[in-house]
Amino acid sequence: MGKLIQCSSRLAKKPYYFRVTDTNVYSIEEVCYFIHQNIYMLQRDFFTYGFAVWLREELGMEDTALKVENMLRYNNNLKDIVVTLCCSCDYYDEKEINWLIKIMDETQSLPMRKRQKIKADNFLRCNLFEKALEEYGHILKSDNMLAADIKEYGAIYHNIGVAYAGLGDYGKACDYFSQAYEKGKNKESIREYIYCLILSEDNTRFGLVCRQYNITEEERDIIKRDFNEIDRINASSKETGRISRLREILKSGYLEEYYEKVDGYIKRWKDEYREETSV
């Protein structure tokens with residue numbers, strides 16, 4: 001499952017296999033974690049009579065299995081099934097279950113590709129760029145995109161560009177911003193494209209792109225001014241200041257202090273990353 005899950009309930013000898021995401025689960029806690037991780041793309045047909053049989057035979061959850069069977073028989077909605085499963089153990093508290101309900105209320109009327117995009121966008125918002133790229137890749141390869149219009153493609157390509165820029169791969173970012181503009185005609189894509197050209201110091205391509213998209217001298221000056229302001233703000237940020245101080249400590253030859261501070265920063269960043277990616 002990709003995360004250490006403490007299970008207090010019975011473990012299955014044979015896992016239940018969620019085919020859509022290629023995931024095996026061995027406990028009710030892992031089922032709840034699966035629901036949380038896939039809430040944006042969850043569908044009612046993820047849960048079948050075979051799943052209810054698995055709950056009964058592998059986990060010994062007779063009451064829960066019977067409830068799921070009855071909900072399937074009487075066509076209860078997905079929200080009822082999710083709440084029943086999450087309330088059958090103590091893995092999530094009331095606040096977390098209410099969050100799941102809120103997400104389902106907001107997304108269940110959306111097409112699958114749009115629900116998947118919400119998930120990918122959230123990874124991007126949390127600066128989890130590799131995860132965002134993985135999700136956007138799944139969306140683009142999905143048959144669901146056959147019903148998408150050109151602007152939807154443009155929005156996804158734009159966000160892929162943002163993710164690559166976040167990873168410092170400005171060349172790939174430029175390519176995706178270019179494609180995003182061709183598909184969506186969103187001027188923000190051109191703006192981000194030019195920012196990445198400035199960051200990559202590709203002056204030749206910068207000039208070509210400005211001519212290609214008829215960017216006037218005045219517009220170039222505005223873009224450069226905005227870029228410099230963003231760069232100034234980033235340079236004065238707390239994290240950048242810490243890194244600058246580390247460089248000064250290293251230059252001064254205080255190696256013990258340098259490595260002590262580096263270890264501290266790495267530990268804190270790891271803790272922050274775990275908080276962002278944990279349930």
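Is Tyr 213 buried or exposed? Tyr 213 is buried, at a relative accessible area of 15%; buried here means under 20% relative accessible area, exposed over 50% and partly exposed in between, using a 1.4 Å probe and protein chains only.

## Ground rules

This is a predicted model, where local features need pLDDT of at least 70 and side-chain atom pairs count only at pLDDT 80 or more, while totals for chains, interfaces and linings use all residues. Residues are numbered from 1 along each chain as its sequence is written, and side-chain values use heavy atoms, with hydrogens and water left out.

## Nonpolar cores

A nonpolar core is a set of buried Ala, Val, Leu, Ile, Met, Phe, Trp, Tyr and Cys residues joined through side-chain atoms within 4.5 Å. The largest one holds 36 residues, and Ile 35, Leu 42, Phe 47, Phe 51, Trp 54, Leu 55 and Leu 85 touch the most other members. At least two residues each come from β1 (16-18), α1 (28-37), α2 (49-59), α3 (62-73), α4 (78-86) and α5 (94-107). Of these, α1 gives the largest share, six residues. Helices (H or I, at least four residues) and strands (E, at least two) are DSSP runs, numbered from the N terminus.

Take Leu 85: beyond its neighbours within four places in sequence, its contacts (heavy atoms within 4.5 Å) include Ile 28, Val 31, Cys 32, Ile 35, Phe 47 and Val 68. Apart from this core lies another, of 33 residues, with Phe 123, Ile 139, Ala 163 and Tyr 164 among them.

## Aromatic pairs

Rings of Phe, Tyr and Trp (its six-membered ring) pair if their centres lie within 6.5 Å; planes under 30 degrees apart are stacked, over 60 edge-to-face, and the rest tilted. There are 13 such pairs. Tyr 164 and Tyr 176 are stacked, 5.7 Å centre to centre with 20° between the planes. That pair links α8 (residues 150-166) to α9 (residues 170-184). Tyr 164 is buried at 16% relative accessibility, whereas Tyr 176 is partly exposed at 23%.

Back to Tyr 213: Tyr 181 and Tyr 213 pair edge-to-face, at 5.2 Å and 85°. Tyr 181 sits in α9 and Tyr 213 in the loop between α11 (203-212) and α12 (217-235), 32 residues apart.

## Cysteines

A disulfide is a pair of cysteine sulfur atoms within 2.5 Å, and the count here is zero. Cys 86 has its nearest cysteine sulfur, that of Cys 32, 4.1 Å away. Cys 86 is buried at 1% relative accessibility, and Cys 196 is buried at 3%.
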